[in-house]
Amino acid sequence: MIERKVVLITGGAGYIGSHTTLVLLRAGYKVLVLDNLSNSSYLSLKRVSKMTGTAPSFVHGDVRDRRLLDNLFRLNKVDSVIHFAGLKAVGESVNDPLSYYSNNTAGTVTLCQAMAAAGVCSLIFSSSATVYGNGATVPINEEQMADYPTNPYGRSKRMIEQILFDLARSNDKWSIGVLRYFNPVGAHESGLIGEDPLGVPNNLLPYLAQVALGKMPELPIFGDDYETHDGTGVRDYIHVMDLAEGHLSALTALETRSGVNIWNLGTGKGYSVLEVVQAFEAANGCNVPYRIVGRRPGDIAVCYADPSKAARELGWHAKLDLTTMMRDTWRWQTLNPNGYRD
Ligand code: NAD
Ligand code: UFG
């Protein structure tokens, strides 16, 4: 009998983590999820179990808890780790930077220490296009570093990347994939799992979907005076299922690669806020009232990926288009108007 590979997914109950757990279970991996549920619900994993007919193992705990990690690695023969766990709200990171350096940066250090002690050296880390900082030239390739990110969240991610480089230089046993996501949106086509932000959403798609649902009166569009074709900000929206598939491809690639490997996960296409609103209305036959308001501090005009390195080295590219992203967002939102909370 072929032994199934075991992957520890930290933050696996969250938005991207739950979709990746689904993809890995379907690909035949054994999955162990570690999550403190600070921004997610165990229901996401229950639904993943129902969808796949296989349950991931679940440990309720914190990635900063070294004792818990040591026990986890002692009791389970883990082959690789995919590390999603962390905080991600840019505004919150400005008001509470220490939580970001603790959960994200220190959390990753503790995880790597426990991995090293257990002899587990294959790691995929969730980074972000935010590490490129302001002023990078589009399409953004992996070599670009315009300046330091403008907020503690972004800085926590860039620091982690630097720590991972130092770690890989110190010992060539490490195989590390740093995945820089552009703008993840959408949900699994079943509408059973999706993004479930607590409180008022920060990001465009969850906000827009709540306006369409009538929970919010109108969408604020942050600025129409950028140097873009219609004045609103341009981003590279990527379907969360494509993103999840990217993790599977990276996991396979790491079997034959060492050191730190950086891959952009984006589509290479940029859409403006107004184009996204129009695409949502056209895909779902609903009306989204909006109002142009002032720019949001820290926002940049244009950001989209050069995804050719991932295509070349991983054989991965995003397949799902903007219309599918809009339909799947709406299906999830209408089937679960209160997210995982009833
Ligand atoms: P999410 O909040 O849905 O998922 C993160 C998960 O980690 C949650 O389930 C949360 O409960 C858990 N968690 C947080 N701190 C923890 C800790 N100390 N110990 C254990 N569990 C902890 O977020 P997501 O959108 O799925 O993002 C996953 C990763 O991808 C994050 O690292 C995020 O920074 C990164 N990322 C996200 C985006 C995005 O727009 N969604 C973009 C770029 C990068
Ligand atoms: N926007 C609005 N109104 C809203 C929300 C957003 O007009 O209510 C606009 C923004 O100004 C921007 C675009 O929609 O032009 C996308 O904004 P998001 O907040 O959805 O996403 P960002 O590009 O600002 O940032 C996201 C994540 C970051 C991550 C970055 C790159 O929130 O964590 O993508 O991956 F770093």
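## Ligand surroundings and aromatic contacts

The structure described here is a predicted model. The protein covers 89% of the 690 Å² of accessible area that ligand 2 has on its own. Two further polar contacts of ligand 2 may be described. A polar side-chain atom of Asn-183 is found 3.0 Å from an oxygen atom of ligand 2, and a polar backbone atom of Leu-204 lies 2.8 Å from an oxygen atom of this ligand.

Around ligand 2 there are 20 residues, of which Ser-128, Phe-182, Pro-220, Arg-235 and Asp-299 come nearest. By class, the shell of ligand 2 divides into eleven nonpolar, six polar and three charged residues.

Ligand 1 is surrounded by 27 residues, and the closest are Asp-35, Asn-39, Ser-40, Asn-103 and Tyr-153. Ser-40, one of these closest residues, places a polar side-chain atom 2.6 Å from an oxygen atom of ligand 1. Ser-38 contributes through its backbone, with an N or O atom 3.0 Å from an oxygen atom of ligand 1. In the case of Asp-62, an N or O atom of the side chain is 3.1 Å from a nitrogen atom of ligand 1. Taken alone, ligand 1 exposes 820 Å², and the protein buries 95% of that area.

The shell around ligand 1 draws at least two residues from each of helix H1 (15-26), strand S5 (122-128) and helix H6 (152-170). The largest share, three residues, comes from S5. In terms of residue class, ten nonpolar, twelve polar and five charged residues make up the shell of ligand 1.

Aromatic contacts were examined next. A pair of aromatic rings is described by the distance of the centres and the angle of the planes. The count for this model comes to five aromatic pairs. One of them is formed by Phe-280 and Trp-330: the ring centres are 5.6 Å apart and the planes stand at 75 degrees, so the arrangement is edge-to-face. Phe-280 belongs to helix H9 (residues 273-284) and Trp-330 to helix H11 (residues 322-335), and the pair therefore ties together parts that are 50 residues apart in sequence. Phe-280 has a relative accessible area of 0% and is buried. Trp-330, at 15% relative accessibility, also counts as buried, because the limit for a buried residue is under 20%.

A tilted aromatic pair is formed by Trp-332 and Tyr-340, with 5.1 Å from centre to centre and 55 degrees between the planes. Trp-332 is buried, its relative accessible area being 4%. Tyr-340 likewise counts as buried, at 9% relative accessibility.

Charged groups are also placed over aromatic rings. The charged end of Arg-158 sits over the ring of Tyr-148, at 4.4 Å from the ring centre. Over the ring of Tyr-226 sits the charged end of Arg-295, 4.0 Å from the centre of that ring.

Definitions and conventions. Residues numbered from 1 in each chain as written. Chains lettered and ligands numbered in written order. Predicted model: local features only at pLDDT ≥ 70, side-chain atom pairs only at ≥ 80, totals over all residues. Heavy atoms only, no water. Near = heavy atom within 4 Å. Polar contact = N/O pair within 3.5 Å; in protein donor to acceptor, adjacent residues only side chain to side chain. Areas by Shrake-Rupley, 256 points an atom, 1.4 Å probe, with all protein chains shown as cover. Helix = DSSP H or I, 4+ residues; strand = E, 2+ residues; numbered from the N terminus. Nonpolar A, V, L, I, M, F, W, Y, C, P; charged D, E, K, R; others polar. Phe/Tyr/Trp six-rings, centres within 6.5 Å; stacked < 30°, edge-to-face > 60°. Buried < 20%, exposed > 50% of the residue type's maximum accessible area, 1.4 Å probe, protein only. Lys NZ or Arg CZ within 6 Å of the ring centre and 35° of its normal.
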